[in-house]
Amino acid sequence: MYHLKMGRQLAVGVPARAAALAALLGAVCFAGTARAQSKDGGGSNPDDAAAADEQAKDEQAKDEQAQDDKAPGENAEKDELPEAPPEAADDNSPFEKDGKAHKFIGLRLRNVIVPKFMINLFADGGATVNVFMIGPEFTSRKNGLEIDLGLSYADYSMDPFLFKGKNDDQFAWEMVSSDMKLLYFTSDLLFDVPIDDKGRFSLLVGGGVGIGLVFGDLHRAQAYPGAPGSNPSPDDVSAWRKCSGVGGPGGAYCDGSNNHYGDYSEPSWVNGGSKPSVFPWISFPQVSFRYKPIKQLQTRLDAGFSITGFFFGLSAGYGL
C-alpha cells in the first residue's frame, strides 16, 4: 500500500513539476522578447508617437513662416553679394553745387593789342601797340554765374609814331609818344557753360566794364621830313624831325596852328588839354576757357574785344 501510494505521488508530481518548469521557461522567454521589442521601439506607446509627430509639424511650420517673413532675395544666400561701403566724400572734387557761392583770389595777366587798322578808322598814321595789364582778381561763382573783379596796372608806353586827323592836310603830321600808365578797376560778368560733368572744364561767355585812372605824360610835337623836299612815309618815323618852333627848316610843316613843339606834353582834361584823366574799359564779347583741376584751384584763358583792341590773357585763382 505504501509503495503504491508513493508511486502514485511520484506519478502525479512529475507531470506537475514539468508543467511548472515549462511555464517558468516560457515566462523568461516572453520577458526577453518583450525587452527586445521595447528596445527597438516596436512596443512604444501610440500616444507618444502622435505627440512627437505633432511637435515636428509645428517646428516645420515655424521655419516656413520665418522664411516667408524674410525680404525677397534674402533666402538666396549663395547669390547674395556683400553690400558695397558708401563712397567717401572727395574734399578735392572740383564739382560746384548749385546754391553755394564759390570764391577765389588770384592774379590776372592780359595783353591788349591796339592794332594800327583800328587807329586808322579815326586818324591817319599810328602804330600797333601792345598794352600789358597785370593785377589781382577776385572771383565769385554761384549757379553758373561768374563775377570777376579786377584791379589792373596797364602800361600804355609807346615809342614815337606819326599821327594826324583824318581831315587834316599833309602838313599836319605830329610825332606822338607816351609814357602813360593806367590803373583799371574792372568787373566781368560771365555765364558758365559746362563741358564735362565733373566740373573740371567749362566755357565762360560774357563781357566786362570798368574805369581807368590815367597817370603819366602824352608827348606830341609838329613834325617835318628830315630831308628837305622829300616826302617820306609816315610809317618811317626815323625820316621825320620834331619842329622846334614856327617856320625854320620845317617850313609849312611847322606852322602856328598850335604850340606843339619840341618836348611838348599834352595837358589833361582837367587842365584844358586832350589827354584823358580817366579812360573807360568796355569788353564784349569775352570768351574764356576754364580749367579747374581741384576744388582749391581754377585757371582761365581769356580772349575778347575791347574799345582799345583785342586782348588775350590768363588767370589763376585759389579757392577761399
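A disulfide here is a pair of cysteine sulfur atoms within 2.5 Å. Going by that rule, the count is one disulfide. This is a predicted model, in which local features need pLDDT of at least 70 and side-chain atom pairs count only at pLDDT 80 or more, while totals for chains, interfaces and linings use all residues. Residues are numbered from 1 along each chain as its sequence is written, and side-chain values use heavy atoms, with hydrogens and water left out.

**View 1. The whole chain, before zooming in.**
The chain comes to three helices and 11 strands; helices (H or I, at least four residues) and strands (E, at least two) are DSSP runs, numbered from the N terminus. Reading from the N terminus, the order of elements is α-α-β-α-β-β-β-β-β-β-β-β-β-β. Of the 320 residues, 29% count as buried, where buried means under 20% relative accessible area, exposed over 50% and partly exposed in between (1.4 Å probe, protein chains only). Contact means heavy atoms within 4.5 Å. Among contacts with a separation of 6 or more, 62% come from residues 24 or more positions apart.

**View 2. The disulfide between Cys 243 and Cys 254.**
Cys 243 is joined to Cys 254, with an S to S distance of 1.8 Å. The torsion about this S-S bond is about -75°, so the disulfide is left-handed. Both cysteines sit in the loop between strand E8 (240-242) and strand E9 (278-294), so the pair ties together parts that are 11 residues apart in sequence. Are Cys 243 and Cys 254 buried or exposed? Both are buried.

**View 3. The largest nonpolar core.**
A nonpolar core is a set of buried Ala, Val, Leu, Ile, Met, Phe, Trp, Tyr and Cys residues joined through side-chain atoms within 4.5 Å. The largest one has 18 residues, and those with the most contacts inside it are Val 112, Val 131, Met 133, Ala 154, Tyr 156 and Tyr 184. Strands E1 (102-114), E3 (129-142), E4 (145-165) and E5 (174-194) each supply at least two residues of this core. Zoom in on Val 131: beyond residues up to four places away in sequence, Val 131 touches Arg 110, Asn 111, Val 112, Val 114, Ala 154, Asp 155 and Tyr 156. Another core, of 10 residues, lies apart from this one and includes Met 175, Tyr 224, Tyr 253 and Tyr 261.

Two strands pair if DSSP finds at least two bridges between them. E1 and E3 run antiparallel and are joined by 13 bridges, with Phe 104 partnering Thr 139 in E3. E3 and E4 are also antiparallel, over nine bridges, and here Ile 134 stands opposite Tyr 153 in E4. The E3–E4 hairpin has two residues between its strands, and Asn 143 in the turn has a positive phi of about 55°.

**View 4. Ile 147 on strand E4.**
Ile 147 belongs to strand E4 and is partly exposed, at 35% relative accessible area. Setting aside neighbours within four places in sequence, Ile 147 is in contact with Phe 138, Thr 139, Ser 140, Ser 187, Asp 188 and Leu 189. Ile 147 and Phe 191 are 44 residues apart in sequence, yet 8.9 Å apart in space, C-alpha to C-alpha.

**View 6**
Rings of Phe, Tyr and Trp (its six-membered ring) pair if their centres lie within 6.5 Å. How many aromatic pairs does the structure hold? There are nine aromatic pairs. Phe 171, Trp 173, Trp 240 and Tyr 253 are linked into a cluster by ring pairs. The charged end of Lys 164 sits over the ring of Trp 173, 5.2 Å from its centre; that label needs NZ of Lys or CZ of Arg within 6 Å of the ring centre and within 35 degrees of the ring normal.

E9 and E10 pair in the antiparallel sense over eight bridges, with Arg 290 opposite Arg 300 in E10 and a hairpin of two residues joining the strands. E10 and strand E11 (residues 309-319) run antiparallel too, joined by 10 bridges, and Phe 305 has Phe 310 in E11 as its bridge partner.

How values were computed
Phe/Tyr/Trp six-rings, centres within 6.5 Å; stacked < 30°, edge-to-face > 60°.
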